[in-house]
Amino acid sequence: MRQFLSRLAFAAAALLSVVAIDATPAFAQAAKGASGLPLPRFVSLKSKSVNLRVGPSVDYAVAWRYMKAGVPVEIIQEYDNWRRIRDADGTEGWVNQALLSGDRTAVTAPWMRGKGEGIFVNMRHDPQSNSAIVARMEPGVVVHVGECNGDWCRAEAQGVDGWISQGEIWGAYPGEAFK
């Protein structure tokens, strides 16, 4: 009986170590698209006129047309030279990769648009909630993002530079850090 329990304990320990080893890489790995870049990821529109298509080819109908360069979008799928994107409103479709830029931009609190007057996103001098406010932006303002530290993003809008809380923008993932 003692030998049986020893074997059972050994088998259980071995199984747990295999499960722990196998689970760690799967959690740490990000999905990669055909380009070798991570999916999903944020980029911006390069051109001031971008057709959003229902499929990955010029043979597919245009569902929407963006009329402003710099709008942040999230690439969620890749097929050949086409990228399936999602915008801050949740609209999805396909655009040619040549119309996208790696420049990072973000939209200030798009979920607060139309919720009333007096709602602002504060841009601060330093990445701290008690730092001086350098600008107050309405929801929906597109800002250029230079870096994020996981909690705050350094941004620029209309010549004003400062820090915005990462939780108040759409264009950087929670906890994402980059320079």
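Student: Is R84 buried, exposed or partly exposed?
Tutor: In this predicted model, the relative accessibility of R84 comes to 28%. Since buried means under 20% and exposed means over 50%, a value of 28% places R84 in the class between them, and R84 therefore counts as partly exposed.

Student: How many salt bridges does a search of the whole structure find?
Tutor: Searching the whole structure gives a total of eight.

Student: How many residues apart in sequence are the parts that R104 and E176 tie together?
Tutor: R104 lies in the loop between strand 9 (100-101) and strand 10 (105-108), whereas E176 lies in the loop between strand 16 (169-170) and strand 17 (177-178), so the parts that the pair ties together are separated in sequence by 72 residues.

Student: Is R104, with a relative accessible area of 15%, buried or exposed?
Tutor: The cut-off that matters here is 20%, because buried means a relative accessible area under that value. With 15%, R104 is therefore buried.

Student: Which residues touch the most other members of the largest nonpolar core?
Tutor: In soluble globular proteins, nonpolar side chains tend to be buried together. The largest nonpolar core here has 16 residues, and those touching the most other members are V143, V145 and I164.

Student: Which elements give two or more residues to this core?
Tutor: The core in question is the one of 16 residues in which V143, V145 and I164 touch the most other members. Its contributors of two or more residues are strand 11, strand 12, strand 13 (142-149) and strand 14 (152-157).

Student: What is the bridge partner of V145 in strand 14?
Tutor: Strand 13 and strand 14 pair in the antiparallel sense over four bridges. Leaving aside neighbours within four places in sequence, the contacts of V145 include C153, R154 and A155. Within strand 14, the bridge partner of V145 is A155.

Student: Which residue takes a positive phi in the hairpin of strand 14 and strand 15?
Tutor: Strand 14 and strand 15 (residues 160-165) pair in the antiparallel sense over six bridges, one of the pairings being that of W152 with S165. Two residues lie between the strands of this hairpin, and the residue with a positive phi, near 50 degrees, is Q158.

Student: Why is the disulfide of C148 and C153 assigned its handedness, and what is that handedness?
Tutor: The disulfide joins C148 to C153 with an S to S distance of 1.9 Å, and both cysteines are buried. The torsion about the S-S bond is about 105 degrees, so the disulfide is right-handed.

Student: How far apart in space are P127 and S165, C-alpha to C-alpha?
Tutor: P127 lies in the loop between strand 11 and strand 12 and, beyond its neighbours within four places in sequence, is in contact with N149, W152 and W163. W152 in turn has S165 as its bridge partner in strand 15. Although P127 and S165 are 38 residues apart in sequence, their C-alpha to C-alpha separation in space is 7.6 Å.

Student: Is S131 buried or exposed?
Tutor: S131 lies in the loop between strand 11 (121-124) and strand 12 (133-137), and S131 touches R124, H125 and D126 when residues up to four places away in sequence are not counted. At 8% relative accessibility, S131 counts as buried.

Note on methods
Residues numbered from 1 in each chain as written. Predicted model: local features only at pLDDT ≥ 70, side-chain atom pairs only at ≥ 80, totals over all residues. Heavy atoms only, no water. Disulfide = S-S within 2.5 Å. Buried < 20%, exposed > 50% of the residue type's maximum accessible area, 1.4 Å probe, protein only. Contact = heavy atoms within 4.5 Å. Salt bridge = Lys/Arg side-chain N within 4 Å of Asp/Glu carboxyl O. Core = buried A, V, L, I, M, F, W, Y, C linked by side-chain atoms within 4.5 Å. Pairing = 2+ DSSP bridges.
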